[in-house]
Amino acid sequence: MHVAIIGNGVAGMEAAMSLRSRDADCRITLISEESDHFFSRTALMYVMSGQMAYKDIEPLERDAYENLRLRRVRARVTGLDTAAKQLTLSQGEPITYDKLLIACGSRPRPAPFWPGYSELKGIGHFVTLQDLEWLEQEIHPDNGYDRPEREWEHVVDGVDSPYARRPSTFSQTGNRAKKPTVIGGGLIGVEVIETMLAAGLNPRFLIREEWFWPIALDTRESAWIAERLREHGVIVNLEENVEEFEGEHGNVARILTDRGTRETDLVVIAIGVVPNTDWLADSGIERDKGGGILVDKSLKTNVDDVYACGDCASVEWFNGWVRPEQLWYTGRDQGRIAARAILGDAVEYSRGTWYNSAKLMDIEYTTAGLVNMRVEGEQTWFYEERGTVRSTTRIIHKDGRVIGFNFLGRRWDHEVCLRWLDERRPLSWVLEHLNEARFDTEFVPPLVIPYDASRDVIQGA
Amino acid sequence: MHLQAQQGLMHTYRQRWRTRGPSAYLMSAILIGFYITLYWTDFFEQPAQQLGLGNKWMLYGLLYSVFMIIGGLYYLRHHGNSRYNQLRIATNVTIQVLLGFTLPFIMPMFGHPAFYFSYFWPLKYDYLYPHTLQALPVYLAVYTVVGALVVAPALAIFTGKRWYCSWVCGCGALANTFGDPWRHLTSSTSQSWRFEKYAIHTVLFLAFTSTAMVGIGEMLEFKAAWYAGLASSVKSWYGFVVGLILAGVVGTGLYPVLGPRVWCRNFCPMAALLGITQKAGRFRIRVKKDMCISCGNCTTYCEMGIDVRSYAQSNQTFTRSSCVGCGMCAHVCPRGVLRLESSWPQAADKVRQGIAAVDF
């Protein structure tokens with residue numbers, strides 16, 4: 001059997017490893033336009049800032065492909081003929097397959113609705129390796145060490161692809177960016193901001209919403225993040241809509257917004273990612289409106305022998321939504337399930353309750369359950385700790401039962417929180433036992449909730 | 001002190017002296033030159049006398065303390081936004097300044113031998129030779145024997161070897177202060193792990209052998225010429241190769257090139273012994289389930305070259321014998337996945353699997 005996998009990211013690589021561990025004989029081909037080596041996309045910011053060398057973000061040793069007998073093809077897939085079971089590539093011979101797994105991931109959401117986006121230099125995203133190379137050029141033209149020489153001959157430039165290389169302003173002016181702007185108040189936005197701070201710059205953060213990261217934080221939590229960003233010299237502009245980019249000599253020079261004109265010489269747009277599936281338009285593979293490949297519970301598409309997993313596939317969420325889950329650990333889980341489905345197991349991908357974590361500047365963030373979902377009848381219990389440790393604890397409850405947790409400033413064990421959600425624990429019980437879910441490092445004093453803050457809850461129980 | 005953890009590390013690969021550039025090799029050459037001069041010449045005797053320090057070893061102790069304090073400040077500036085890091089470095093440096101320098105300097109003034117309370121056999125390989133013990137006052141002899149054979153392993157069972165390697169030991173103190181700028185240079189490849197396992201256990205075996213040979217010879221008064229010659233040459237070769245070359249010249253001299261724990265990881269017999277005890281004890285690094293994003297900060301900043309990421313991404317709570325419990329993996333993790341723990345495992349933790357899934 002020959003399994004072709006499009007994509008060398010976490011979903012594709014995990015599927016390949018699972019296939020190999022079960023089937024020593026099948027032929028496996030991984031096709032990637034972006035990278036010869038599986039790397040952790042979530043760690044790109046650390047390479048950008050200088051915290052890690054490029055090789056450090058590769059989770060596997062480089063001989064893994066050889067040891068697992070995984071063939072790699074470096075190309076862009078340009079077409080899929082499901083009847084002939086054949087893939088056409090940007091370079092080299094077409095590939096025929098017995099089973100196909102599409103794990104081609106996301107691409108940054110493009111912004112053609114802002115005039116100037118497509119023509120001006122100095123505007124880009126921060127999602128792919130090529131983006132890393134571009135941003136590094138703009139910010140650190142000659143100041144990076146232990147950077148690999150990359151081979152990009154196979155990358156087709158000048159086409160609409162997240163892996164096409166973007167010419168830098170630096171290549172024209174020879175100047176590194178001094179007044180960068182980041183558009184989009186989300187996780188990638190704040191990561192890019194951090195790398196710019198590390199480079200000694202004072203970036204501007206343009207956020208459309210009323211507060212930073214409204215899908216995850218409430219106003220009180222978000223105010224703390226904005227405060228921390230400002231302490232570090234970030235210019236945070238909330239409720240500001242971009243209208244147009246203006247340039248000088250082909251390089252971006254100003255952003256026109258509904259609040260005025262912002263001078264800038266570098267723009268990173270971080271307004272989310274979308275499935276990278278435009279190339280499937282004529283293939284007969286069904287996609288939803290957002291571009292996510294529609295799959296059944298075993299991650300099979302509408303066409304036999306074609307499967308999809310990871311960021312490019314729309315799956316059913318624990319709350320009934322059907323959309324891609326753009327998370328690291330779900331990509332990994334889906335890769336494993338897809339591999340088993342390809343081998344003929346009767347498997348179903350089922351997503352447990354939502355949880356996630358992140359770090360915003362130095363502030364740890366953990367969430368579990370239904371938070372910011374506007375569940376009817378939900379109530380919120382909130383406590384802000386301002387002692388040796390600064391933290392916020394937000395617990396969402398409904399009909400006396402806890403349905404969600406949102407934490408900032410401390411580490412918490414999401415497994416324990418998820419168990420409490422399953423057990424439908426009352427708020428008073430959770431508050432009494434909260435420190436059992438603590439995951440702080442040693443010697444950090446426990447969270448002490450003063451009696452005043454929990455009295456009503458405990459008395460009501 | 002609220003600078004974020006990442007800020008403390010963010011410039012690592014943008015500083016040439018920290019990334020095996022020419023200046024790193026130059027520093028390494030200077031350090032090696034210093035150790036060779038210190039061990040095999042009397043060059044430092046004169047300045048030591050002039051400073052009223054008695055001999056060159058006291059001068060070395062003073063320099064050691066100064067570099068630890070400067071490095072400790074560097075460490076706190078970079079990673080000081082953590083309680084564990086603050087307490088650990090403050091304790092380690094204080095113990096070394098007091099027990100590794102001040103006390104041995106003062107003791108002779110009160111008629112006691114200069115004694116290093118913070119070192120134990122087999123790190124100080126000559127501490128258990130019968131003639132060494134006989135020369136010590138009884139209280140020090142008891143301290144030496146009980147400390148090395150009972151207290152040190154027992155503590156390692158309860159807290160992991162970190163109580164010694166990164167809270168007390170002088171080599172650890174220098175590595176985590178003066179050597180901290182280079183902690184990311186430790187290799188985490190599987191070849192380096194293989195080398196470590198052979199090398200460190202070989203040194204442990206040699207430490208036992210040389211102690212036993214000298215001990216048997218002296219206690220049984222077995223004075224056959226061939227045996228006395230053999231025992232003394234094993235002893236002096238061990239002292240030369242392990243004590244001088246590996247611990248000093250290689251161990252510290254290669255900080256800027258191979259990272260700060262070359263000695264501790266590959267050659268220290270004390271670390272080997274405590275590592276074996278640690279495997280049987282309570283210490284572990286706990287991994288939160290399905291939260292790791294495989295970024296690799298833990299592996300990059302592990303000074304012992306443990307591929308922490310391979311455990312974290314396969315949800316394995318683990319105990320590695322080489323782990324000195326510096327806590328940096330947990331500190332740099334952007335997802336809060338890791339935590340150092342020393343408590344008897346609960347039922348759920350007992351489901352430990354074999355080795356890492358990525359260990360092909």
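Me: In which loop of chain B is Asn315(B) found?

Reply: Asn315(B) lies in the loop between helix 16 (308-312) and helix 17 (328-332) of chain B, where helices (H or I, at least four residues) and strands (E, at least two) are DSSP runs numbered from the N terminus. This is a predicted model, in which local features need pLDDT of at least 70 and side-chain atom pairs count only at pLDDT 80 or more, while totals for chains, interfaces and linings use all residues. Residues are numbered from 1 along each chain as its sequence is written, chains are lettered from A and ligands numbered from 1 in the order in which they are written, and side-chain values use heavy atoms, with hydrogens and water left out.

Me: Why does Asn315(B) count as partly exposed?

Reply: Its relative accessibility is 26%, and since buried means under 20% relative accessible area and exposed over 50%, with partly exposed in between (1.4 Å probe, protein chains only), Asn315(B) is partly exposed. Asn315(B) also has a positive phi of about 60°, although it is not a glycine.

Me: What makes Asp399(A) count as exposed?

Reply: At 68% relative accessibility, Asp399(A) falls in the exposed class. Asp399(A) sits in the loop between strand 25 (390-398) and strand 26 (401-408) of chain A, and, although not a glycine, has a positive phi of about 50°.

Me: How do you know that helix 4 of chain A is largely enclosed by the rest of the structure?

Reply: Nine of the eleven residues of helix 4 (residues 129-139) of chain A are buried, so this helix is largely enclosed. Among the buried residues are Leu132(A), Trp134(A) and Leu135(A), and the buried residues pack, by contact (heavy atoms within 4.5 Å), against elements of chain A that include helix 2 (44-49), helix 6 (187-198) and strand 16 (266-269).

Me: What joins Trp121(B) and Pro122(B)?

Reply: Trp121(B) and Pro122(B) are joined by a cis peptide bond, with omega at about 5°, and Pro122(B) belongs to the loop between helix 5 (83-106) and helix 6 (130-135) of chain B.

Me: Why is Val142(B) called partly exposed?

Reply: With a relative accessible area of 46%, Val142(B) is placed in the partly exposed class. Val142(B) is located in helix 7 (residues 138-159) of chain B.
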